[in-house]
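Biologist: Can we go through this model together? I'd like to start with the helices and then move on to the contacts.

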Amino acid sequence: MKNIDAMADRQFVFGSVQIVSNQMNTLLERDLKEQDLTAKQWFLTAIIQKSFDYAPTIKETAVAMGSSHQNVKQVALKLAQKGFLTLEKDEKDARVTRIKLTPKIDSFRKETQFKAANFIKNLFNGISEDEMAATRSVLEKMLSNLEKMENGGQIK
């Protein structure tokens, strides 16, 4: 990058978060290609596996992903076509659709577990635990600020 040292920290962090996100998506897409999955599709399944102990609604999943209801539904429909999940109406409220992962996701996870662990290891190579903790703290604050901004709140 041109004049990177002259950039203000906020500009650098903002731009770098965008670049890291794009590059991670590109590399994930390359690794997931043989399973016919996109990074968004994989991320949806990962969010459900890690964030919920039950079949979440599309709305709950959208909130957890930081995405729109329509985007999650679109991605979920493609995953349903591929057999990774089912979309089922809620037993108590037919207006609500729940996302249920199928056993196919477990076999996918077993097949890709080594690749995923290696990807994470390489991504965070040379980053200390203290640096990780500081980065987590900053990202948590950024996520909180984004949530406030989305809800129309003022940030001081």
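Modeller: Start with α2: at 1.5 Å a residue, its 13 residues should span 18 Å, and the end C-alpha atoms are 17 Å apart, which agrees. The expected span is 1.5 Å times one less than the number of residues. Helices (H or I, at least four residues) and strands (E, at least two) are DSSP runs, numbered from the N terminus.

Biologist: And what are we looking at, in terms of source?

Modeller: It is a predicted model, where local features need pLDDT of at least 70, side-chain atom pairs count only at pLDDT 80 or more, and totals for chains, interfaces and linings use all residues. Residues are numbered from 1 along each chain as its sequence is written, and side-chain values use heavy atoms, with hydrogens and water left out.

Biologist: Which residues of α2 are buried?

Modeller: A39, Q41, L44, T45, A46, I47 and I48. Buried means under 20% relative accessible area, exposed over 50%, and partly exposed in between (1.4 Å probe, protein chains only).

Biologist: What covers them?

Modeller: The cover includes α1, α3, α4, α5 and the strands β1 (85–89) and β2 (97–101).

Biologist: How many residues are in the largest nonpolar core?

Modeller: That core has 21 residues, and L44, V72, L79 and I99 have the most contacts inside it. A nonpolar core here is a set of buried Ala, Val, Leu, Ile, Met, Phe, Trp, Tyr and Cys residues joined through side-chain atoms within 4.5 Å. Two or more residues come from each of α1 (9–32), α2 (39–51), α3 (58–65), α4 (69–81) and α5 (103–123).

Biologist: What is I99 in contact with?

Modeller: Leaving aside neighbours within four places in sequence, I99 is in contact with I48, A55, P56, I58, T61, V72, A76, L85, T86 and L87. Contact means heavy atoms within 4.5 Å.

Biologist: Switching to charges. How many salt bridges does a search of the whole structure find?

Modeller: Eight. The criterion is a side-chain nitrogen of Lys or Arg within 4 Å of a carboxyl oxygen of Asp or Glu.

Biologist: What does K115 pair with?

Modeller: K115 forms a salt bridge with E34, with the closest N and O atoms 3.3 Å apart. K115 is in helix α5 and E34 in the loop between α1 and α2, so the pair ties together parts 81 residues apart in sequence. K115 is partly exposed at 36% relative accessible area, while E34 is exposed at 62%.

Biologist: And R98?

Modeller: R98 forms a salt bridge with E60, closest N and O atoms 3.9 Å apart. R98 lies in strand β2 and E60 in helix α3, so this pair ties together parts 38 residues apart in sequence. A network of salt bridges links E60, D90 and R98.

Biologist: What about E140 and R136?

Modeller: Their side chains meet in a salt bridge at 3.0 Å, N to O. E140 and R136 are four residues apart in helix α6 (residues 129–150), so about one helical turn separates them.

Biologist: Last one: which residues form the nonpolar patch on the surface?

Modeller: I4, F12, V13, V17, V138, L139 and M142, with about 490 Å² of accessible area together. Patches are made of residues with over 30% relative accessible area and no salt bridge; like charges are joined within 9 Å, nonpolar side chains (Val, Leu, Ile, Met, Phe, Trp, Tyr) within 5 Å. Areas come from the Shrake-Rupley method with a 1.4 Å probe, and for residues only the protein chains shown count as cover. α1 and α6 each supply at least two residues of the patch.
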